[in-house]
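Good morning, and thank you for coming. Please look at the structure on the screen while I go through the contact between its chains.

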Amino acid sequence: MIQQYANPARFNRLAATLMPWFAWPAGILIVVGLYFALFNSPPDYQQGDTVRIMYVHVPAAWMALFVYTSMALSSAVGLIWKHPLAHLSAQAAAPIGACFTFVCLLTGSLWGKPMWGTWWVWDARLTSVLILFFLYLGFMALQNAFDDPARGERSAAILAIIGFINVPIIKFSVDWWNTLHQPASVVKMSGPAIHSSMLIPLFMMGIGFTLYFCALLLLRMKTLMLARRARGMSMAQLHQQTAE
Amino acid sequence: MSALVLILRREMRLALRQIGDSAIIVLFFVLAAVLFPFGVGPEPNMLARMAPGVVWVTALLAAMLSFERLFTPDFEDGSLEQLALGPAPLEMVALAKAAAHWLTTGLPLMIAAPLIAVLYRLPDSGYGALMTTMALGTPTISLIGTVGAALTLGSRRGGVLLSLLVIPLIVPVLIFGTAAIDAAIGGFPVRQHLMLMGGFLLGALVLTPLATAAALRQALE
Amino acid sequence: MRFFGENLSCVRGERLVFSGLEFAIDPGTALVLTGSNGSGKTSLLRVMASLTHPTAGHLAWQDGPVADDPERHHNRLHYVGHLDALKPVLSVRENLETWAQLHGGTDKKIALALKKLRLEGFENIPGRYLSAGQRRRLSLARLAASDAPLWLLDEPTIALDAASVDAVRTLIAEHRTAGGMAVIATNVDLGITETTTLNLLDFAPAEEDVWEGVT
């Protein structure tokens, strides 16, 4: 019945084949990228060595948006075509995305201390990311709030799509709110033009993070499938006992 | 009589029989707003400066408390099944529910808002904008809250979870609601803010019934 | 007009409850669903009402599939499930009116329905004062308060005394004489004659493990 839509066993084999192609390049890119970022790129003329936080902060921000987009897409696929692996993929992606978002907020805060002399500034970008973080938390909380897991994943899928439509509106509002309330003297994160010696490690980190996400996603999907299988087995057992 | 009118009449009849539920929400609104001066001190200039934000934030928090009752009783006693099996599509049921929520919660909050503004000594030039933004913003909140209520229907965490889902989504309404009042007080044009809020309302009016109906179908499944 | 389902299967809580299920009901007939607890009687009724979507298979009337026009399907059925859909703050009459008017029931029919279910004299009593049996009867009164050819009843006689069971039996008989159809999920013999029985256990699926290949 479910096989007509997707075959978990086939997916499992595909995942096993793909895994090393994601995991190894991810590891290599992140290590090499970090080396360039920490030792082999120029310090900023204004910010000094603190600018190196950017090499984690900016890719983490990219990932925060990228993962949410992927969640919304797989949620839509799950709702429209009732593809069971699609919901599973959204479910697997959410905590990873939330972690990237948290890393982005944390590094933003660490960056803010030397730059602005305070751990938190209501900067437009950071505030938008904070709200995105709440959207992730809402998704995960809704997913786990029901006794019937199927209900949780479908409701969370609807929420992911609503959130996705809202992200640009929130971003626009927060940008607007920020220009209204903040004097222009605040240094923007995107302030200085980026030199290519900084751009290359930044892209390496970005691609590395993306591949790392793919590897982690496959791993988590497999874990969730195993958990579901265990649940199915105990349920079958229960059913057999009541039938006897 | 059309199904929409019948459902709306049912909702209003039920709400009026349990008018205490709405009254308690408005009471919470006033009480929460009264708390702030105890926290920050009674300095008139500061209170006047805070007024638009306090009115809007406390109105939102009060509205949060009301959403859980929107579908839960109907879900638990089987009325929602009967509404779903009625002649009207669920989208229309969702719209009727949101309209009834606005009439019984949004409108009373809107009427109580100037009272709190008086307590905070909102400058006279701000009242027009306050009422207009409330008139445009509270229906939007009712509509978005309806989605949240439908999504969390039958969940273990109910109300708190609902707030977690809805609060991030209504940040834009809060931003432009307070900004319009601030602009009016400062003598700046408010047209742009109000048009944006009108846009949010129209967008919510079109999209939220679809999302609510989809969520209700999942809940009944 | 005939109402039928083909090759229906249904998943509840990640478990396949029944599969390959077929049924057909003609005007004037009644279908009794039997089977042990958890065999899917309620699930099948909810599928028939289109509250739950079947995982596979389809439902149709003679003039077209249910999925093509769900609102038309809703107008053709009454569903009385485990829950009463009664509001404690509304009176007996108001409670019945709410649902009957949605389906085009007139004041006259509402009064008649209250009489048939032996609720005369209770019209103005608020719902919160009703006993379990009275609530059940008020819920069943929806059947008589507006017309619909298909009745879907889930354990209709639960909590009813003997006289009320008789009233329900008469109600179903009248409905059938007028060319109506009834699907009744029950494990007790209601004494309704000339019925077809469908045992859900005949459609219990073989256990299958879709996640088997995942190691």
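A polar contact here is a pair of N or O atoms within 3.5 Å; within protein, one must be able to donate a hydrogen and the other to accept it, and residues adjacent in sequence count only if both atoms are side-chain atoms. By that rule, nine residue pairs are in polar contact across the interface of chain A and chain B, both residues at pLDDT 80 or more.

Some conventions follow. This is a predicted model, in which local features need pLDDT of at least 70 and side-chain atom pairs count only at pLDDT 80 or more, while totals for chains, interfaces and linings use all residues. Residues are numbered from 1 along each chain as its sequence is written, chains are lettered from A and ligands numbered from 1 in the order in which they are written, and side-chain values use heavy atoms, with hydrogens and water left out.

The interface has one salt bridge (a side-chain nitrogen of Lys or Arg within 4 Å of a carboxyl oxygen of Asp or Glu). Asp147(A) forms a salt bridge with Arg156(B), and their closest N and O atoms are 2.9 Å apart.

As for extent, 28 residues of chain A are in contact (heavy atoms within 4.5 Å) with 29 residues of chain B. Together the two chains bury about 2,400 Å² (accessible area lost on being put together, 1.4 Å probe, summed over both), 72% of it on carbon and sulfur atoms. Arg151(A), Ile158(A) and Trp176(A) supply 22% of the area that chain A buries against chain B, more than any other three residues.
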